[in-house]
Amino acid sequence: MSKSKQRSESKAGEAEGPDGGWGWVLLAAMFISTSLVFGLMRSLGIFFVEFVHYFEESAQAISWISSTGLAAQQFFSPLGAALCNAYNTRMVVMTGGFLAALGLILASQATCLVHLYLTMGLISGLGWGLVFSPMVATVMANFTRRRTLALGLGFSSIGLSSFAFNPLFQLLVETYAWRGALLILGGLSLNIVPCGALIRTQQQSKAPEKVDSQSRSSCADVLQRVSSYLELSLLFERPYVTYTLGITLFNVGYFVPYFHLVAHSRLAGFSEYQAAFVMSAAGATDILGRILSGWFSDLGHFRLIHLLSVWTALAGVFIMLLPVSSLTGSYAALMVISMLYGFCSGALTSLAFAVVPKIVGVERTMGGLGLLQLIESGAGLLGGPLSGFLKDITGNYVASFMVAGSFLLLGSLTMVTLPHYFSRTDPPPPQRRSLVDKSKSLHPELQQMKSLPSDSNNQTAQHSGR
Amino acid sequence: MKLLWAVSALLLSCWRTNASTAPNIITVPSVVSNETSAALTCNLTDNNLQIKGSHWTHNGKIIEGTESTDSAAWILYSLDKITPQTSGLYECVFLTDPEVKKTIEVKTLPHVSAYKHSEHGNENDKGAMSCVSHGYPLPTDWIWFKVEDDDSVPQLISNGTSDRFEIKSTPNKTTLTINELSIEKDIGYYRCSGTNELGTHSDKIHLRVRSRLAALWPFLGIVAEVIILVTIIFIYEKRRKPDEVNDGSAPLKSNSTSNHKDKNVRQRNSN
């Protein structure tokens, strides 16, 4: 996958920063590691049947395992970002891969349910958190004009791998029993480590901050350093807060179809097989949407933020149309709307991450990604139970889909309040405000990108694509 | 004349006595046992209540299509095929005030099926095999056998056979749990057999015991592959470093700055 230098050089005339070259190798690394994080997480359902049978616990207790894992991944994202800013991205990702594998290996020896929460949930979740955001930020830093396409290609791995992993995991569990299967999964997760090793080590720009030996003991200085690693200053900037709010609103509604589409289809009178097929079709168009939207966005005809608003509004509309289409009883209508929804939700995923550098500036992308993951995790936790609650009250899924769609539209409207929304070109990224001399505290790659004159620096939006 | 009055009074009183007894349903047949098909009939006699309709129920649930508003006192339900699914308790219900109903039992051989026909277990772990039964009446006895390849007589397993075996049985489900599975002793076919008053039915399960190390070999293979990849990547990078600057990185940084930073806590990639 190593691209020759000629390709990046031919574009050097208009490229503002790195775009290709080693970036393609990193993209492959991101493809593999993202599939081993989210693709794996999505396919853990195969194990739940085994766990319920073996541990004789309720399905709800078992489902906490994956909830803990996802929550840990999102919660530790800022930690991963901070560690990358403070230390070496390569080491962080390799450590994350090792931890994720360790969690699964230890889980294979579990003798009670709590062991699974701690190993598969906490340790692996911590590992995943240390892998995902840094990997995405690194890829974004290595592409400029084709950033969104790269992200789209990278995130398509999630859908593709969950197609492949489901039968694979089933086979592993049948052949080796769940303990052996978890052990082998731990080994597979260990493949994240070479992916991390591919990240070229850069000189750490924040290292000078640690030179002041007397500041080590000073509490205030330590706090100030930590807050700069975590990019906490972002929380005080209106564009970032607005954007994060918008993404959080998306997340409330975004997952509802994944949770409830099958149940809703069954309720509308379709068979189990038909309902499952609708989900698969939506998943397939999701993958397509990610790649196509990435390619289209990079053509540069429109600002990324405008495209994001359009896709999100469309996705919201289609979610609201879902219950309407099945009311007529037509399977074809349900299929079409679901596929359109899948396409839009995939399309917005690529963009949502790509918009972040435009808002916070490329050098703060790492920290911005981490914080965004953390804040939007609350939305995911809210969305599922809320729609379930609405279904319990009203007796069908119409209300919950309507509410989910409206959250997406609300998020879209929030985006409109971003500064310079209606201008034709992107505004320049805000400078980081800090007491320390900022010229020394930049990632080398990111500093290079910043130093090149361009107003179309794609500010990658952080969006968790799952 | 007086005799005629006395006799008619006697008859009248007898008739009124008859009328005040409860309505009676005659079911033909009252029990269906070991048949392939049957026609269930209910005949409502001694009844002076108005019949507003009737229906049949199967195991408590109303059978669709049998609901009628006819005031017939004789109703029929035909069972074309008696299978474990269609066996059970059938009730004919006459919609009088109050309702009158009677039960007909449709009995059949039990149908025993294994939860999974192929079970796996890890060595020294516990392995569980389950069988469920459908049909009416549910088995009263469950027996487990171990079938050896060469033996013609299967071995009987009960709770006392060994302290490793545990059998838990309810009328519709039985589970055999073996603790501390051993590869030599426990691999093979097991038969669960359920018996009710009409007969016996059984099913076979194949138990496979994986050695604990079975998954270890693929795992070690993958770990070896990962170590090799990481080594190759590091070696490749070391060889490239003297030749060219890192791809796409800033020319602003020079080696001198990197050495300067070397003093700090940051970890180099050369370990």
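Is Cys192(B) buried or exposed? With a relative accessible area of 0%, Cys192(B) is buried. Keep in mind that this is a predicted model.

**Disulfides in chain B**
- The count over all chains comes to 2 disulfides.
- In chain B, the bonded cysteines, counted along the chain, pair up as 1-2, 3-4.
- One of the links joins Cys42(B) to Cys92(B), with 1.9 Å between the sulfur atoms. This pair ties together distant parts of the chain, 50 residues apart: Cys42(B) sits in strand β3 (residues 38-45) and Cys92(B) in strand β7 (residues 88-94).
- The link of Cys42(B) and Cys92(B) is left-handed, at -90° about the S-S bond, and both Cys42(B) and Cys92(B) are buried.
- Cys131(B) and Cys192(B) also form a disulfide, their sulfur atoms 1.8 Å apart.
- Cys131(B) counts as buried because its relative accessibility is 0%.

**Cysteines in chain A**
- Cys84(A) has 0% relative accessibility, so it counts as buried.
- Cys195(A) is buried too, with a relative accessible area of 4%.

**Helix α3 of chain A**
- Helix α3 (residues 45-55) has these buried residues: Ile46(A), Phe47(A), Phe48(A), Phe51(A), Tyr54(A) and Phe55(A).
- Those buried residues pack against α4 (59-75), α7 (113-141) and α8 (147-189) of chain A.
- Just past α3(A), Glu56(A) adopts a positive phi of about 55°.

How values were computed. Residues numbered from 1 in each chain as written. Chains lettered and ligands numbered in written order. Predicted model: local features only at pLDDT ≥ 70, side-chain atom pairs only at ≥ 80, totals over all residues. Heavy atoms only, no water. Buried < 20%, exposed > 50% of the residue type's maximum accessible area, 1.4 Å probe, protein only. Helix = DSSP H or I, 4+ residues; strand = E, 2+ residues; numbered from the N terminus. Contact = heavy atoms within 4.5 Å. Disulfide = S-S within 2.5 Å.
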